[in-house]
Amino acid sequence: MEDIFKGIEPQVHKSQISVPYQWWAGQTASIFFITLRDEKKILGTECPQCSKVFCPPKKTCPFCYVDTKNWKEVGPKGKVITYTVVYRQLAALKKNIPVVFGLIQLEGSTNAMLHYIEEIEPEKISIGMEVEAVFADEKKASIHAISHFRPVQ
Amino acid sequence: MENIEYIIIESGKAVQPFNYSVGMYGSKFFNELKNNRRFLGVRCPKCNKVYVPPRRVCGDCFVEMKEFVEVGPKGTIGTFTILRFAFIDPETGTQKPIPYGYGFIQLDGADTLFQHYIDVHDESKVKIGARVEPVFSDEKKGTIKDILYFRVID
Amino acid sequence: MGKRRVAIVGTGQTHHRSHRPDVNGQELIHEAVTRALEDADLSIKNIDAIVIGNMDHFEGINYVDCWSIDGSGGYHKPVIKLTTGGTTGSTLAIGGYHFVASGMFDKVLIIGWEKNSESDTTGAITTAFDPVWDRLVFAGAISGLAVEAQSYMAKYGATDRDGARVSVRDRKHACNNPYAQLRKEVTLEEVLASPMLADPIHLLDVCPRTDGACAVIMASEDYAEKITSTPDWIWATANRHKYTYLGDVNWGELDSMAEASKDLFKKCGITEPRKQIDVIEMYQPYSFAGIIWIEDMGIVPRGKGAEYIWSGATDMGGELPINPSGGVIACNPIGATGLIRCAEAALQVMGKAQSRQVPDVNFAVSTGFGGCMWTDMILHGKKKPNL
Amino acid sequence: MEAAIIGVGMTTIEKCKVGETYADMAWEAVNKALNDAGLGIEDIDNVITTSSDFWDGRTISCMAVGDASGVRYKNCSAVEGDGTFGAAYALARSLSGDYKTTLVTAHSKGSEGISSIITNAAFDPIYERGFGMDMISACAMQARAYMNATGTTSEQLALVSCKNHKNAKDNPYAQLPMDITVKDVLSSEMIADPLHKLDCSPVSDGSCAVIIANADFVKKIKAKPVWIKGVAFCSDAYFMGDRDLSKAKALEEAAKKAYSMAGITNPQKEINVAEIYDAFSYQELMWLEGLGLADYGKAGLMLEKGLFNRDGKLPVNPSGGLLSGHPVIAAGLYRIAEVVLQLRGEAGGRQVDAKRGVAHGVNGLCGQSHCVWVLDKEK
């Protein structure tokens with residue numbers, strides 16, 4: 001460094017950004033969450049043009065760019081499209097390692113849903129494996145109304 | 001679906017920690033503030049403007065600055081306001097105490113303005129052009145908080 | 001002048017509200033895009049590229065260009081995000097213009113959006129400023145604007161009554177705009193009696209907090225003339241994002257507006273803006289700016305802004321109506337706001353502004369404001385610009 | 001296309017530039033680029049800065065580097081996302097007829113934030129964010145999907161890492177030059193199965209600047225231009241569950257368009273060097289296939305044959321790539337700068353024989369959005 005900074009230690013300003021958010025789920029996701037919470041049913045929405053069924057449900061089909069029309073019940077069984085087992089306690093994680101994330105395509109759905117896979121040893125999980133939704137004990141109007149997915153017994 | 005319950009997803013505190021580099025110019029400023037309770041600016045070799053806070057580049061001339069000069073500690077209120085509405089302080093995630101005086105102070109010898117709190121317990125004295133001086137904290141941390149606020153000199 | 005001519009051929013906005021619980025962000029965006037496509041009678045398939053923006057920390061979403069695909073229609077399209085703070089909306093419009101002018105794309109969809117109801121707006125804006133030097137005391141846009149007003153008042157003797165007159169104007173204009181969030185006339189006395197937020201700014205001097213989105217479609221000359229018989233031609237754009245530190249700002253005057261205006265008007269041969277421009281949609285987030293910034297724009301001499309406002313010249317029916325839409329004081333979904341100004345100016349040029357239409361608009365100016373007292377500007381014209 | 005890159009400037013990529021602000025880094029990169037082009041700031045008529053509010057921990061992150069990028073009296077704008085996207089907008093401005101020379105900068109300091117938390121914010125807050133996923137865990141799911149679909153092995157992934165870290169030994173800007181073996185990679189910490197620590201790029205600080213000029217301006221100066229022949233970007237669907245994660249469809253589309261602009265019909269033969277966005281080892285292979293520089297599912301085999309080595313038929317990431325230094329946001333602009341140095345024959349110890357090259361950048365989770373640049377020695 002330059003002479004003008006002789007003897008000066010570079011400082012670090014330890015701080016944070018803490019702006020709490022309240023995200024509106026919107027009508028489509030609200031219906032999905034309420035049905036999950038109150039009826040333990042998993043709903044998807046269907047595109048009137050390409051007939052894809054989306055779960056988690058969408059108001060608009062991203063492929064055809066038209067509004068989805070019909071609600072369809074999907075799952076609670078599905079299959080693992082892909083997954084990972086996280087072994088490092090990454091800062092964003094909400095659970096203790098090992099944590100298994102999977103993309104799960106529910107029966108009757110075209111796309112896949114992100115969720116936890118539990119009640120199985122991580123080494124035994126495989127792509128294509130059949131899993132089923134386990135509902136949370138606590139009533140929650142969110143994606144966490146499903147606690148996790150587990151292998152079909 | 002007329003009377004649907006609209007769901008809100010809450011983030012909770014949503015804390016994102018950062019270790020912001022102060023930079024060598026800022027570090028030198030805070031070092032001086034901490035040890036000697038003196039303010040430093042930096043002078044542009046081209047336009048001679050003295051900048052506070054000190055930084056590497058004169059935006060006007062696009063040249064690197066290296067000459068530190070002492071400024072302040074007294075100064076003049078360049079402009080100010082008094083904040084009276086409630087908002088969330090993003091550094092804490094909680095409501096900031098209000099009201100408070102918010103001032104841009106032209107430290108003696110500087111060409112730019114330095115932001116800090118202004119003591120507003122007597123609002124009638126707080127005017128553009130009023131002379132002010134810093135009130136330092138007892139604790140010397142070498143941060144912007146070493147200055148508690150500026151107060152109007154009677 | 002650009003290499004090839006570019007015009008706005010369609011616009012769409014949401015009905016702006018304090019909060020939109022019925023839609024998430026992607027769905028809000030979809031609403032505006034659908035309206036713009038309908039306005040231009042195009043389908044999403046006709047769109048070659050998407051330019052989108054907002055301010056990240058209002059909704060806390062990283063990589064918004066990627067996240068918004070379900071709403072923007074960007075599946076398997078080029079999508080790019082621009083963001084410059086308050087100026088984001090106008091920056092997006094200027095970006096769309098360049099992408100078309102360059103020949104890289106023929107039809108570009110431009111989207112600005114914000115759901116300001118999802119966080120504390122002031123808290124989020126405060127993070128825009130330097131963490132080491134500014135965040136301790138800075139209090140969002142209102143604090144920055146209040147110190148500007150204080151400076152101007154001290155320099156030129158303006159009063160809070162002068163400021164209030166601007167708010168009265170914009171709030172009255174907003175009654176003509178079905179998309180505006182606040183559509184209620186106020187009196188001078190009501191403005192002055194409203195709670196003091198930061199001296200000298202009262203609650204009714206400033207913009208509200210808004211959920212809203214805006215979409216604008218720009219096309220190259222050959223497409224534009226096929227899409228609409230009344231394209232809004234982009235004559236030129238200019239901007240200045242002068243400052244990095246708030247303490248460097250020349251408070252009481254908006255240097256960025258003065259310099260951008262000079263650049264803009266020079267590019268288009270505008271020599272007497274007050275006479276040659278028919279309407280201005282100004283990103284004016286609080287009342288005093290309505291006085292100060294028209295001076296910087298060269299509409300009136302320094303210190304004469306208030307007098308001009310009081311004369312009624314900027315009211316509907318006046319010499320140079322400003323903010324026929326009601327402007328930012330009537331709604332402010334921040335990332336969309338600058339683009340709404342652009343869309344409203346386009347509506348004026350296209351003759352589609354309905355009950356807020358100013359007669360015979362040949363030239364309109366739209367502006368963006370934000371960041372560290374920054375300005376973006378666009379000149380819109382009914383006639384084709386020279387190349 | 002009637003535009004060229006006439007100057008590049010890079011800071012060294014480091015784990016933590018503790019004494020430097022974003023502006024300090026940008027100042028260094030910008031001045032290097034100006035010197036490289038033999039220009040002064042007065043020759044630049046507009047500026048694009050590229051940054052991320054999330055990575056910088058600052059809303060309106062572009063504000064921090066305005067002075068250092070010389071925007072004071074100029075028209076300017078700011079892109080958020082990878083530097084290749086910033087450069088794409090800079091190119092549009094240079095071609096628009098409004099401007100002749102566009103300076104584009106990009107910076108980030110991974111050392112200041114926590115990447116897991118920052119990338120968690122890229123997940124949809126309604127349906128996904130609460131699970132606590134981040135970039136590494138999402139990409140691990142993609143790596144598995146890709147390996148499952150193509151039969152690509154962990155050893156092949158590891159080989160990418162070995163090659164790139166070795167290449168970095170001749171790159172004075174790289175953060176992690178080192179000799180490692182496949183065994184080293186496979187025995188390094190398993191972070192998110194199947195990704196080991198050495199399959200992942202590091203956290204880095206750095207800034208890069210590039211000057212783009214239109215053809216008229218290039219004629220008037222002495223600098224050695226590298227011509228921009230094709231640029232395209234394209235986004236896939238957002239939700240990972242809406243995509244086939246094992247394929248890079250959006251990249252295929254972007255590459256197709258960029259090649260067609262450049263008049264390239266057989267990229268495997270016509271491209272001589274590639275600097276691509278290997279944030280994780282598997283991505284180099286996947287993106288090579290998406291770019292048409294390898295057949296689908298065959299990149300691993302081609303790698304094993306040494307085709308992508310610096311002395312191979314198609315050197316890939318001779319700089320060491322992101323695995324050897326990953327200043328997010330700036331990373332793609334570094335790729336462009338590296339290809340420019342290669343085509344000018346100024347890449348020093350990492351020089352390969354190349355006439356035409358590809359640079360590539362990525363935005364979003366699991367390579368959702370890609371930007372492809374085809375650069376050429378000749379106009």
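Two residues are in contact here when they have heavy atoms within 4.5 Å of each other. By that rule, 58 residues from chain D touch 61 residues from chain C. Before going on, note that this is a predicted model, where local features need pLDDT of at least 70, side-chain atom pairs count only at pLDDT 80 or more, and totals for chains, interfaces and linings use all residues. Residues are numbered from 1 along each chain as its sequence is written, chains are lettered from A and ligands numbered from 1 in the order in which they are written, and side-chain values use heavy atoms, with hydrogens and water left out.

Let's stay with chains D and C. Together they bury about 5,000 Å², with carbon and sulfur atoms giving 54% of that; buried area is the accessible area (1.4 Å probe) that two parts lose on being put together, summed over both. On the chain D side, D:T59, D:M63 and D:F233 lose the most area to chain C, together 13% of what that side buries.

What about charges? There are three salt bridges between chain D and chain C, a salt bridge being a side-chain nitrogen of Lys or Arg within 4 Å of a carboxyl oxygen of Asp or Glu. One of them links D:R58 to C:D130, at 3.9 Å from N to O.

Strands meet here too. Strand β3 (residues 79-82) of chain C runs antiparallel to β3(D), joined by two bridges. Strands are DSSP runs of E, at least two residues long, and helices are runs of H or I, at least four, both numbered from the N terminus; two strands pair if DSSP finds at least two bridges between them. In this pairing, C:L82 sits opposite D:V79.

Now turn to chain A. Here 37 residues of chain D are in contact with 39 residues of chain A. The buried area is about 3,200 Å², and carbon and sulfur atoms give 68% of it. D:I126, D:Y127 and D:F131 supply 25% of the area that chain D buries against chain A, more than any other three residues.

Two salt bridges connect chain D and chain A. In one of these, D:D242 pairs with A:K58, and their closest N and O atoms are 2.5 Å apart. A strand pairing shows up again: β6 (residues 77-86) of chain A and β5(D) pair in the antiparallel sense over two bridges. Look for A:V85 opposite D:D193 in β5(D).
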